[in-house]
Amino acid sequence: MLNISILKENESYTFRSYFEMPYEPDEILAQFGYQLEIGEWTWPVAPAPPQTPVLKDRIRQLLPLVSLTSETARRELLVAPVLTEVALHCRVPLRLEYPLMVNNWLKGSLDYLLRGKNILLVVEAQKDDLTRAFVQMAVEMIALTQVEQQAQIYGAVTMGSIWQFGQILADQQVIKQDLTLYRVPEELETIAGILTAMVSNPSQS
């Protein structure tokens, strides 16, 4: 990997700025001293919230009736209901558009943040671009490590119909990106189970 300088010392960047950058993900994360490790990772899994099958059936019935071309529709019909069920089941706070300011390179709003025994950050993929959304999420996780004393911080990016998971290992300066993509509604129980475990399980890597 080339040792290039992407970020300018006197310039200001929001989290969304990293989504828009044309550079490779590993080059962007290297600006913060992190390596990107991509693989088929194993995540903690817990039973899905009890209402998940009902939600799955509702989504199946809605999909033929609703256009999901807008990000608002995907957020309200596919993303927020899943996170709401997890938050209710785990009894953890769910924050939407959560503002975070660390410095001029790390600032903006987090789409969704659940804070339990671990922290879970969820980013909606703008323009259906999971790759760029994962870069944005990774930078947001880096920012969270600087303000939270949490042992583990997990992340997810989603287009509503597809979910991808990641994790930051701050002590190793590593961002883990999972190659596996999980689908909604087919794998909703698995997705909800992973989200539940990430929030409620004691720290593990």
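In this predicted model, the side chain of Asp 129 reaches the backbone nitrogen of Thr 131 at 3.2 Å. Asp 129 lies in the loop between strand β4 (119–124) and helix α5 (130–145).

- From C-alpha to C-alpha, Asp 129 is 15 Å from Thr 180 in space, while 51 residues separate the two in sequence.
- Lys 127 is found in this loop too, between β4 and α5.
- Lys 127 is exposed, with a relative accessible area of 59%.
- The phi angle of Lys 127 is near 55°, which is a positive value in a residue other than glycine.

**The loop between α5 and β5**

- Glu 148 sits in the loop that joins α5 to strand β5 (153–158).
- With a relative accessible area of 16%, Glu 148 is buried, because the cut-off for buried is under 20%.
- A polar contact of 2.6 Å links the side chain of Glu 148 to the side chain of Arg 115.
- If neighbours within four places in sequence are left aside, Glu 148 is in contact with Arg 115 and Ile 119.

**Helices α3 and α4**

- Helices α3 (52–62) and α4 (71–90) pack at an angle of about 170°, and their axes are 11 Å apart.
- The two helices are therefore roughly antiparallel to each other, because angles over 145 degrees fall in that class.
- On the α3 side, the residues in this contact are Leu 55, Ile 59 and Leu 62; on the α4 side, they are Leu 77, Leu 78, Pro 81, Val 82 and Glu 85.
- By class, the contact of α3 with α4 holds 7 nonpolar residues, no polar residues and 1 charged residue.

**Helices α3 and α6**

- The axes of α3 and α6 (188–200) come within 10 Å and cross at roughly 135°.
- That angle makes α3 oblique to α6.
- The crossing of α3 past α6 is right-handed.
- Thr 52, Pro 53, Leu 55, Lys 56 and Ile 59 of α3 meet Leu 188, Glu 189 and Ala 192 of α6.
- The residues of this contact between α3 and α6 divide into 5 nonpolar, 1 polar and 2 charged.

**Helices α4 and α6**

- The axes of α4 and α6 come within 10 Å and cross at roughly 45°.
- These two helices are therefore oblique to each other.
- α4 passes α6 in a right-handed crossing.
- The α4 residues that make the contact are Val 82, Leu 83, Val 86, His 89 and Cys 90, and those of α6 are Leu 188, Ala 192, Leu 195, Thr 196, Val 199 and Ser 200.
- In the contact of α4 with α6 there are 8 nonpolar residues, 3 polar residues and no charged residues.

- Arg 60 has its place in helix α3.
- Arg 60 is partly exposed, with a relative accessible area of 44%.
- Arg 60 and Val 184 are 124 residues apart in sequence, but their C-alpha atoms are 9.0 Å apart in space.
- Leaving aside neighbours within four places in sequence, Arg 60 is in contact with Pro 185 and Glu 186.
- Pro 185 is found in the loop between strand β8 (182–183) and α6.

**Backbone angles**

- Most residues other than glycine have a negative phi, and most peptide bonds are trans.
- The peptide bond from Val 184 to Pro 185 is cis, with omega near 10°.
- Arg 91, in the loop between α4 and strand β2 (94–103), has a positive phi, near 55°.
- Arg 91 is exposed, with a relative accessible area of 66%, because exposed means over 50%.

Terms used. Residues numbered from 1 in each chain as written. Predicted model: local features only at pLDDT ≥ 70, side-chain atom pairs only at ≥ 80, totals over all residues. Heavy atoms only, no water. Helix = DSSP H or I, 4+ residues; strand = E, 2+ residues; numbered from the N terminus. Polar contact = N/O pair within 3.5 Å; in protein donor to acceptor, adjacent residues only side chain to side chain. Axes fitted to C-alpha atoms, helices over the stretch in contact; angles between N-to-C directions. Parallel < 35°, antiparallel > 145°, perpendicular 65-115°, else oblique. Left-handed = near helix turned anticlockwise from the far one by under 90°. Contact = heavy atoms within 4.5 Å. Nonpolar A, V, L, I, M, F, W, Y, C, P; charged D, E, K, R; others polar. Buried < 20%, exposed > 50% of the residue type's maximum accessible area, 1.4 Å probe, protein only.
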